[in-house]
Structure formats: C-alpha cells, structure tokens
Amino acid sequence: MFSAIVIDKNDEGQTVSVQQLDEAALPEGDVTIDVSHSTLNYKDGLAITGRGPVVRKFPMVPGIDLVGTVSESSNPGFAVGDVVVLNGWGVGEGHWGGLSQKARLKGDWLIKLPAGFTGEQAMAVGTAGYTAALCVDALVNHGVKPDQGEVLVTGATGGVGSVAVALLAKAGFTVVASSGKASEAEYLTKLGATSIIDRADLSAPGKPFQRERWAGVVDSVGSHTLANAIAAIKYRGAVAACGLAQGSDLATTVMPFILRGVALLGVDSVNCPIAPRMAAWERLARDLDKDLLALIGSKTIGLAEAIQAADDLIDGKVRGRIVVDVN
Ligand code: NDP
C-alpha cells in the first residue's frame, strides 16, 4: 500500500484527498518508481482545486514533476536503483502523477537525474527551471553568443525567469532583467542580472520595428512584452518564447523577421524529446549554483499539506517554489 493524493469526480463535483492505494491500482507502464519528491506547479494547483480543466480522466493522481528511485523495470534503459526525474508528458493530467509515494510510467518519459542534485533540489528546479534551461539552450543552439550584446529576460522574478537569469549569467551573457517588482532588484542582481528594467517599459503596445538592442530574449510573458522584445532584437538574434503571464496574444509584424532575420523559437516542456531534455538537465546540473537555487527559494511540505497549498498557489499567496516530500 502507498499514499497518494487522489482527485475524483462525482455528481456533486470534485473531491480531493490523500488515500491509501494498492500497488495493483497503478496505471500501465514499464518502470515503477518509489517517488521521493514532487512539486506543486500552477498546473497542479488548477488540477487539485478544480479551478482549471487540467485533469483529463478520473480518478487522477496529480503532480506533473517527480523524482524517485526505480523499484521495478522492464525497460532496458532503466535498472532498479536508478534515480530518475520526470517532467510533463501529460503526467498528472491523463496519467497518474508524482504527488504519490509510487508511480508507474513509460520509461521513454524518464531521464536519469544528473549527478549534483538531491531529489529535493531537483524538484526545487522543477518544470519552471527545466523550461528556463530549454530556453537558454534554444538561444545558444541558434548561435546567440555573449559577445553579441545584452540578452533580455522577461518575467524575471518568476520561476522560469529567475533560473533563466542565473543560467544566462553563468554562461557569460550580459543579462537585463525585466520585472514589475522594483523591490526585487537586489535579488535579480544576486542571480546575475547586470541591469533591471521596469516591465511597464515593455508591456504596452509599441512600434513593431524598434532600435536594435537584444542579442537574445527569454520570454515567459507573451503579449505586448513579447511583441516589443521581437521589435528590438538585433540582426539574426532570437527570442525563446515559453509563456503567457501577460497574455497569449501576439500583435507584431513580419518586419523583424524579414529585415533582421530574427528567429522566434517556441519552447514546450511537456512533449519535448529526450535529447533536449537531457541537455537542459545537464546545463542545470553544471551551471545552476546551488546557493542561487537556495536564494530562489523553496518550501518543502508533505502530501496532505499540498491540498491546502494548492488553493494558496492559485490565489497568488505563494512566493518561490513548493517542493512536496511525499514520504
Ligand atoms: P510565475 O508566476 O512564477 O512567473 C511569471 C512572472 O511573470 C511573474 O513573476 C512576473 O514577473 C511576470 N508577470 C506576471 N504577470 C504579468 C503581467 N500581467 N505582465 C507582465 N509580466 C507579468 O510563472 P512561471 O515562471 O512558472 O511561468 C511563466 C510562464 O511560463 C507562465 O505563463 C507558464 O504558464 C509558462 N510555462 C510554460 C512552459 C512551457 O512548457 N512552455 C513550462 C512552464 C511554464 P515580474 O514581477 O518579475 O515582472
């Protein structure tokens, strides 16, 4: 038997509770994992509170991220005792997820946790940090280099933005952080930003073709912010676009693309293939200073507390990451 958060639905609505389950109830999969930690992401908050249509079938165990040790495997890539990490793949939405002491999954979704991270640290990184690393890799693989000038990170105090600032600074880039929180300037500087701009400078509709400023951009905000960023990218520069904190709209023109060869690089963490996932986690293991991870901040809670924390998360009352110690 093992404990898990279970979301169910009946005629009266959604129920959420910590339940004792039999291992025989686990879904199909070729790798079984003793989960050590999970996280509480915004998507998990929507699933647990029922305030967003995240769960695709019931009963569901939420949790889009997990780290743990393989206890059974018929997948040739994984052996008993391997420590593995999972992000996305619809886990916690259509397949039972990480807010559980056990998980059974497709081995093809897993990667081995790179050396240098504890399970707790890996989950403090979570999908947000892994997405930041995918964005940095997208820029670097496009050919954006530190000697080409400033790079911009929008939504800089957020989960994605904070890790993007730290990784880009470590890779030698001059990082400009855009934030709506003037009080967090010291935090952003400690992460590695060389200067900070007010997000209001980017969030209103602007000219579609502006003075060239950015060699590259990591954008987790979308909408006018992304449009203004695209308008000021230097010749053959690029933006890695992963989020919609301001909005999912994008009103721009083709001018930056056809006159400056600017590239708009979409970043998806959920169905991202294994090779770029491994590269992103290797960058995190190599370049994300553990002191900075501590500065970004995370709180560790238990399974039962995660249900209440989901409400707080969706109500915007939580700062930093929430790691869930499922045991
Ligand atoms: P957070 O809520 O932690 O951070 C978002 C940041 O955006 C905030 O901290 C704030 O930063 C800024 N922001 C918030 N509201 C606005 C606004 N109205 N206008 C401009 N800026 C705003 O979220 P995450 O960092 O975890 O995620 C960021 C985005 O990336 C989300 O939209 C999320 O859905 C998406 N995402 C996408 C993934 C993918 O696979 N593509 C994976 C993970 C996340 P500040 O105060 O510093 O300006």
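## Strand E5 and its partners

In this predicted model, Asp65 has Asn87 of strand E5 as its bridge partner. The pair belongs to a set of 5 bridges that join strand E4 (residues 65-73) to E5, and the two strands run antiparallel. E5 also pairs with strand E7 (residues 111-112), again in the antiparallel sense, over 2 bridges. There, Val85 stands opposite Ile111 of E7.

Strand E5 covers residues 83-87 and is mostly covered, with 4 of its 5 residues buried.

## Helix H8

Helix H8 is one of the elements that meet E5: the buried residues of H8 pack against E5, E7, H2 and helix H3 (159-170). H8 spans residues 274-287, 14 residues in total. From first C-alpha to last, H8 reaches 20 Å, close to the 20 Å expected at 1.5 Å a residue.

The buried residues of H8 are Arg277, Ala280, Trp281, Arg283 and Leu284. They lie on the same side of H8 because they cover an arc of only 150° around the axis. An α-helix has 3.6 residues a turn, so residues three or four places apart point the same way. On the face turned away from the buried side of H8, the exposed residues are Ile274, Ala275 and Arg286.

## The open sheet

Six strands form an open sheet in the order E10-E9-E8-E11-E12-E13, with parallel pairing. Strand E10 (193-198) and strand E13 (263-266) each have a single partner strand, so they stand at the edges and one side of each has no neighbour in the sheet. From one strand to the next, the twist averages 20°.

Within this sheet, strand E8 (residues 151-153) and strand E11 (residues 214-219) run parallel and are joined by 3 bridges. Val153 stands opposite Val218 in E11. Helix H2 (residues 119-142) packs on the sheet and touches E11, strand E12 (233-241) and E13. The direction of H2 makes about 150° with that of E12.

## Arg236 in strand E12

Arg236 is found in strand E12. Is Arg236 buried, exposed or partly exposed? Arg236 counts as partly exposed because it has 14 C-beta neighbours inside 10 Å, and a residue needs 20 or more to be buried, or 12 or fewer to be exposed.

Leaving aside residues up to four places away in sequence, Arg236 touches Arg260 and Gly261. Arg236 and Asp311 are 75 residues apart along the chain, and their C-alpha atoms are separated by 43 Å.

## Helix H10

Helix H10 (residues 303-314) has 12 residues. The distance from its first C-alpha to its last is 17 Å, close to the 16 Å expected at 1.5 Å a residue. Ala306, Ala309, Ala310 and Leu313 are the buried residues of H10. They share the same side of H10, because the arc they cover around the axis is only 120°. Ala304 and Gln308 are exposed on the other side of H10.

Which elements do the buried residues of H10 pack against? They pack against strand E1 (2-10), helix H1 (42-49), strand E14 (298-302) and strand E15 (321-325). H10 is followed by Gly316, which has a positive phi, near 75°.

## The annotated domain

The UniProt record, an unreviewed entry, carries the annotation "domain: Enoyl reductase (ER)" for residues 13-324. In the model, this span is 33% helix and 26% strand. The end C-alpha atoms of residues 13-324 lie 26 Å apart.

Definitions and conventions. Residues are numbered from 1 along each chain as its sequence is written. This is a predicted model: local features need pLDDT of at least 70, side-chain atom pairs count only at pLDDT 80 or more; totals for chains, interfaces and linings use all residues. The expected span of a helix is 1.5 Å times one less than its number of residues. The arc is that of the directions from the helix axis to the C-beta atoms. Two residues are in contact if their C-beta atoms, placed from the backbone, lie within 7 Å. UniProt positions are given in the numbering used here, feature names are shortened, and annotations may be inferred rather than shown by experiment. Two strands pair if DSSP finds at least two bridges between them. Axes are lines fitted to C-alpha atoms, for helices over the stretch in contact, and angles run from 0 to 180 degrees between N-to-C directions.
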